[in-house]
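Let's take a friendly walk through this structure, looking at what surrounds two of the ligands and at what sits together inside the protein.

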Amino acid sequence: MKKPKVVPGLAKIFAGCFLVLVFFAAGGGLAEDKTTSKISPEKTSLKKESLKSSPKKKSETEAVKETASSGEKESTQTSEEPRDLPKFVGAETCISCHQDNGNNLLHSVHGRLMETRKGIPFEKSCETCHGPGSQHVEFADNTTTAGFHTIKFPPKLKASEANDICLTCHEAKAHFHWKGSPHDLKDVTCISCHSIHQDMKKPNAKLLKKPKIADVCFSCHLEKKGQFARNAHMPLNEGDMTCTSCHDMHGTSGVKNLKGDSVMETCFKCHADKRGPFLFEHPPARENCLTCHNPHGGHNDNLLVQRVPYLCQRCHTGGGHPTSSYDDIALLARSPKIIGKGCLNCHSNIHGSNHPSGKFFQR
Ligand code: HEC
Ligand code: HEC
Ligand code: HEC
Ligand code: HEC
Ligand code: HEC
Ligand code: HEC
Ligand code: HEC
Ligand code: HEC
Ligand code: HEC
Ligand code: HEC
């Protein structure tokens, strides 16, 4: 499984020391740093006023911090510090150097809908995500300068910072459950699965990194690819469903990112006939489908976790007729308990029965 990038501990310590020094030099305070350590586009770029006056809360410390963590070790920079804050320059300037990024964004859902849905014209779109770019432009001919790296590049940010950029606009709707979800907790980012700048002549649906949803997931959950390749599997490769038929990778209120409140509720969405109510219930089939079935794929027919009769014998050991079928007599007599569908030859309605005499699930 891919581990998200982490700034090496040592670099952090360097950055820390550097910061402290600058603090004292500039007479800065800790309280100030706290308020500035996380820039949300909302604060810096979404509001019109902040475009005229320089974004007030993004202090020098921010720029310095980015210098320090960008791997800049030479002291040549210190002569230019503290610098003015970067200012907004507009998309036209960005596109003068980044034509491809400009073109593909213009034709993407973001280029098309940011203005109508969020009131952000295309001219301001780049810096809504990347932050104000004047210093980046000024130092564009030297990629080792601190000024160049004042531009925010999401893949180089901490996971939570990168995600916060997207969540300013996307938290309300589909991503209500993102915070604290299994992916969020393991530092998976929005751009682990989505890609903002892609070729809009042949874009992937929902700005995904790969054309097929399952392939996006397999890039980390490779073992699931194996499970769906087993002889009994949910019809995913056949195109009848995909991972998101059962899961919402943005987080859910249920377990394991499942769309239903429980495993059972998830299955009932499509297998409503198994919901009942039944006149005669088989307790395990009211409790958890996964007691007997594998949800992705397995080696036994019907995705069973074990072959019949062994599956039944996990729970039924004694009884009115012997349920352990592998004694000599059963074998010699080619007992119906073990040939063909085994126990299911007679107990065919295994999920429950509505027949008046279906107590033993035979009908
Ligand atoms: C004068 C030319 C120029 C302009 C104008 C310019 N950039 Fe860049 N930008 C560059 C160069 C050069 C690179 C490094 C390219 C590379 O590594 O392939 C770069 C890299 C980037 C990166 C990646 C940074 C990284 O850490 O790898 C981002 C993001 C970016 N630019 C965004 C912008 C945005 C947003 C604007 C407008 C505010 C902008 N650029 C304006 C020249 C420019
Ligand atoms: C919705 C947020 C968003 C907007 C708007 C946006 N970008 Fe980006 N940009 C990203 C992300 C995220 C990446 C990292 C690569 C990716 O996911 O596609 C990126 C990467 C880049 C890069 C680095 C090179 C690359 O393709 O990886 C450049 C340059 C860049 N953007 C320029 C621009 C310009 C110019 C605009 C405005 C026309 C713009 N971006 C608008 C989010 C955005
Ligand atoms: C300034 C607001 C804004 C920001 C920031 C933003 N988006 Fe969006 N995004 C939108 C709007 C508006 C749409 C159009 C659909 C809608 O209203 O939900 C959209 C749509 C999308 C879609 C759906 C695409 C489709 O084809 O239906 C995806 C995926 C997406 N954004 C991912 C991201 C990611 C990842 C980021 C962070 C890198 C991000 N967005 C940042 C405003 C934003
Ligand atoms: C583990 C992969 C993954 C991660 C992480 C992820 N997404 Fe998605 N996202 C998807 C997939 C797959 C879809 C398509 C769902 C579908 O079509 O059923 C999607 C759809 C979307 C949509 C369109 C929703 C709609 O109703 O059309 C938006 C917007 C979006 N994602 C934004 C985000 C944002 C913002 C983040 C980060 C907070 C994020 N995604 C993180 C995989 C991911
Ligand atoms: C038919 C519904 C269904 C489909 C389709 C499905 N899953 Fe699952 N998945 C489940 C259920 C139910 C669980 C919970 C298993 C448990 O609790 O033991 C689960 C659990 C998981 C887990 C947690 C680890 C584990 O195995 O318990 C991962 C990861 C996962 N699924 C990934 C995927 C991926 C990737 C896809 C698409 C290739 C996918 N799932 C398709 C129902 C489904
Ligand atoms: C960038 C890597 C990455 C991608 C891509 C990815 N996942 Fe995950 N996923 C993870 C990590 C890391 C975990 C946490 C595993 C753990 O806690 O053991 C996880 C956990 C899960 C779980 C289990 C949740 C739980 O409660 O245990 C499910 C279900 C899941 N992912 C589904 C998906 C689906 C569906 C997709 C594709 C849309 C996907 N993942 C794509 C990295 C990824
Ligand atoms: C999105 C709809 C959907 C959901 C949700 C779903 N299934 Fe299915 N299931 C199907 C389809 C479609 C088939 C294939 C039916 C066929 O081939 O006749 C299937 C087949 C099966 C089979 C028979 C497989 C075989 O080899 O014949 C079992 C067992 C099964 N599902 C169990 C479950 C369980 C358990 C869950 C909950 C974790 C679940 N399903 C959730 C759609 C779904
Ligand atoms: C006690 C074990 C057990 C439990 C629990 C169980 N099943 Fe089954 N299921 C079976 C067996 C055995 C078969 C094979 C039946 C046959 O071949 O006649 C089967 C077959 C199926 C099939 C394919 C044939 C059909 O009847 O449509 C589906 C779909 C299915 N189960 C769904 C579910 C769902 C959904 C749940 C949870 C509500 C569930 N099962 C719980 C044992 C179980
Ligand atoms: C997880 C445990 C479990 C598994 C696996 C299981 N059962 Fe059951 N079964 C039960 C329980 C508990 C009862 C209810 C017993 C009672 O009411 O005395 C039951 C009841 C029954 C009954 C009705 C008995 C009665 O006295 O009402 C039959 C028949 C039956 N099971 C057959 C099967 C068959 C055939 C299989 C394999 C496909 C199977 N069971 C798998 C737990 C299980
Ligand atoms: C030839 C048909 C047949 C086969 C095969 C069969 N059973 Fe039965 N089973 C019955 C009948 C008929 C009853 C009703 C009770 C009786 O008349 O003794 C029954 C009753 C039961 C009961 C509930 C009553 C009791 O004895 O406790 C259980 C549990 C049971 N069977 C489990 C199994 C299991 C497990 C298998 C597979 C190893 C199996 N059966 C195979 C016909 C069969």
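Helices here are DSSP runs (H or I) of at least four residues, numbered from the N terminus. Please keep in mind that this is a predicted model.

Helix 6 (91-97), helix 9 (122-130) and helix 10 (134-138) each give at least two residues to the shell around ligand 1. Which helix supplies the largest share of that shell? Helix 6 does, with four residues. Among the 17 residues around ligand 1, those that come nearest are Cys 94, Cys 97, Gly 133, Ala 140 and Phe 153.

Now move on to ligand 8, which has 19 residues around it; Cys 267, His 271, Lys 274, Cys 289 and Cys 292 come nearest. Two elements give two or more residues to this shell, namely helix 17 (263-268) and helix 18 (283-287).

Here is how the two shells divide by residue class.

| Shell | Nonpolar | Polar | Charged |
|---|---|---|---|
| Ligand 1 | eight residues | seven residues | two residues |

Finally, the interior. In soluble globular proteins, nonpolar side chains tend to be buried together. In this model, the largest nonpolar core is made up of five residues: Cys 190, Cys 193, Ile 213, Val 216 and Cys 243. Helix 13 (190-193) and helix 14 (213-218) each contribute at least two residues to this core. What does Cys 190 contact, leaving aside its neighbours within four places in sequence? Its partners are Asn 163 and Cys 166.

Technical notes
Residues are numbered from 1 along each chain as its sequence is written. Chains are lettered from A and ligands numbered from 1 in the order in which they are written. This is a predicted model: local features need pLDDT of at least 70, side-chain atom pairs count only at pLDDT 80 or more; totals for chains, interfaces and linings use all residues. A residue is near a molecule or strand if its C-beta atom, placed from the backbone, lies within 6 Å of it. A nonpolar core is a set of buried Ala, Val, Leu, Ile, Met, Phe, Trp, Tyr and Cys residues joined through C-beta atoms within 7 Å. A residue is buried if 20 or more other C-beta atoms lie within 10 Å of its own, exposed if 12 or fewer, and partly exposed in between; C-beta atoms are placed from the backbone. Two residues are in contact if their C-beta atoms, placed from the backbone, lie within 7 Å. Ala, Val, Leu, Ile, Met, Phe, Trp, Tyr, Cys and Pro count as nonpolar, Asp, Glu, Lys and Arg as charged, and the others, Gly among them, as polar.
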